[in-house]
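We'll go stop by stop, with something to select at each one.

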Amino acid sequence: MGEPTRLKMIAERLNLSESTISRALNDYKDISAETKTAVRKMAEQLDYEPNIHAKRLASGKSETVGYVMPIQSNQITGQFINELMAGIAKALGKYGWDLCVIAPQTPEEEIRIFEKIARTRYISGLVITRTLSDDHRFALLKRLGVPFVSHGRSSDSKESAWLDADNELAFFEMTTHFVKLGHKHIAHIGGPKDYNFARQRKNGWLRGLKSSGIKVPLNYEEITELTFDGGKEAMQRLLEAEVPPSAVCCISDVVAIGAMQALREKGIRPGQEVSIIGYDGLELGAWLDPPLTTMHQPLKSAGEKLAQMLLNIVESGSLPLNNQELVRASLVRRETANAPLSTWPPIRKDSGKP
């Protein structure tokens with residue numbers, strides 16, 4: 001049965017015009033709540049789904065939200081982004097909205113995409129992530145008039161909508177957890193300094209050490225790309241220290257998994273001879289051997305919140321109140337973070353000592 005026929009049947013059964021039925025289904029403000037409820041119930045009984053394209057033409061909205069993939073995202077496009085996007089898609093689905101994935105390859109291409117969206121309005125709003133300390137996208141999107149929310153903060157995000165984890169607090173708690181276990185040789189594998197969260201997590205590590213009265217050697221900090229290989233190579237460099245660390249705070253679970261592989265290749269048991277804690281709380285970590293201890297940030301629920309914040313902005317046409325939210329990461333204890341060996345630090349084979 002075609003759409004016009006079903007629409008006519010609803011109109012006849014409720015003794016209303018087809019125009020009123022259409023406007024009720026498209027949630028026009030001039031139709032009473034009582035009429036809308038009656039029309040929707042009858043439409044459900046007749047298994048009627050309104051034409052989504054016609055609805056969008058009538059409302060003037062694309063009812064599509066864009067998720068902007070990080071440029072050159074390589075392995076960080078894995079579980080982290082999948083879980084975040086799953087949350088966004090779930091929230092949008094409740095309202096019949098669609099999710100469009102945007103994957104610019106260069107900053108120049110990203111700017112062109114934003115300008116096209118501002119010109120054509122084929123996307124109603126954007127979710128951006130992996131924010132930089134000095135992120136030009138905030139000012140650009142404001143200037144273009146494109147509604148957006150960010151997963152993460154920037155120096156220019158004070159008047160924007162964002163959702164972020166308290167990265168500094170998370171790494172402070174990670175570091176002090178190691179201290180409580182008895183560790184004094186605590187290193188940090190961080191990410192590129194341009195990322196705002198990388199700076200915040202490093203600050204948390206340093207604050208945790210300072211509060212515990214621990215001085216950190218210069219060679220206990222490694223900066224790497226957010227990849228398995230990056231974590232592996234950074235851990236290999238840490239193991240070359242005169243006194244290798246007994247514990248390592250890793251900027252992400254992906255980096256932590258690479259660090260664990262470096263330990264295995266040296267015959268070192270993760271969680272026994274060198275402890276490791278990751279960050280993100282990816283489900284993958286529970287399936288490792290040994291399972292990875294991590295700081296968990298709720299990615300799926302974060303995606304849902306980001307989508308809801310963006311829909312509120314799109315529907316209202318302005319920034320609503322309470323458009324910024326800082327959430328707390330929580331420690332998930334598994335098997336890679338334990339007390340240090342009583343014989344630590346080990347005697348290096350090339351030290352000349354007996």
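Is Thr 175 buried or exposed? Select Thr 175 and show the surface: Thr 175 counts as buried because its relative accessibility is 0%. Buried here means under 20% relative accessible area, exposed means over 50%, and partly exposed is what falls in between, with a 1.4 Å probe and protein chains only.

Before moving on, some ground rules. This is a predicted model, where local features need pLDDT of at least 70 and side-chain atom pairs count only at pLDDT 80 or more, while totals for chains, interfaces and linings use all residues. Residues are numbered from 1 along each chain as its sequence is written, and side-chain values use heavy atoms, with hydrogens and water left out.

**Stop 1: the whole chain**

Zoom out and switch to cartoon. The protein chain has twelve helices and twelve strands; these are DSSP runs numbered from the N terminus, helices being H or I with at least four residues and strands E with at least two. Of the 354 residues in the protein chain, 48% are buried. Among the contacts with a separation of 6 or more, 69% are between residues 24 or more positions apart, contact meaning heavy atoms within 4.5 Å.

**Stop 2: H8 against H9**

Go back to Thr 175, which sits in helix H8. Now select residues 167-181 for helix H8 and 196-211 for helix H9: their axes come within 7 Å and cross at roughly 40°. The axes are lines fitted to C-alpha atoms, for helices over the stretch in contact, and angles run from 0 to 180 degrees between N-to-C directions. The H8 and H9 crossing is right-handed, that is, the near helix is turned clockwise from the far one by less than a right angle.

Show side chains at the contact. From H8, the residues include Phe 171, Phe 172, Thr 175 and Thr 176, and from H9 they include Phe 197, Arg 201, Gly 204 and Trp 205. By type, the contact of H8 with H9 has six nonpolar, eight polar and three charged residues. In this scheme Ala, Val, Leu, Ile, Met, Phe, Trp, Tyr, Cys and Pro are nonpolar, Asp, Glu, Lys and Arg are charged, and the others, Gly among them, are polar.

What does Thr 175 touch, leaving aside its neighbours within four places in sequence? Its contacts are Ile 186, Gly 204, Trp 205, Gly 208, Leu 209 and Cys 249.

**Stop 3: the largest cavity**

Select His 151, Gly 152, Asp 164, Phe 197 and Arg 201. Of the 16 residues lining the largest cavity, these lie nearest its centre. A cavity is a set of points, on a 1 Å grid over the protein atoms alone, where a 1.4 Å probe fits but cannot get out; lining residues have an atom within 4 Å of a point.

There are three cavities of 30 Å³ or more, and the largest has a volume of about 150 Å³. Grid points are joined across faces, edges and corners, and the volume is the space filled by probe spheres set on the points. H9 turns up again here: it gives the most to the lining of the largest cavity, with four residues. The lining of the largest cavity has three nonpolar, eight polar and five charged residues.

**Stop 4**

Pick Val 327, in strand E11 (residues 324-327). Val 327 is buried because its relative accessible area is 19%.

Then pick Glu 221, in strand E7 (residues 221-223), which is partly exposed at 22% relative accessibility.

**Stop 5**

Most residues other than glycine have a negative phi, and most peptide bonds are trans. Here are some exceptions to click on:

- Arg 121, in the loop between helix H6 (107-120) and strand E3 (125-129), has a positive phi of about 60° and is partly exposed at 39%.
- Arg 130, in the loop between E3 and helix H7 (136-144), has a positive phi of about 50° and is buried at 11%.
- Asp 289 and Pro 290 are joined by a cis peptide bond, with omega about 0°; Pro 290 lies in the loop between strand E9 (275-280) and strand E10 (293-296).

Definitions and conventions: On a 1 Å grid over the protein atoms alone, a cavity is a set of points where a 1.4 Å probe fits but cannot get out, and a pocket is an open set with protein on both sides within 12 Å along at least five of seven lines; lining residues have an atom within 4 Å of a point.
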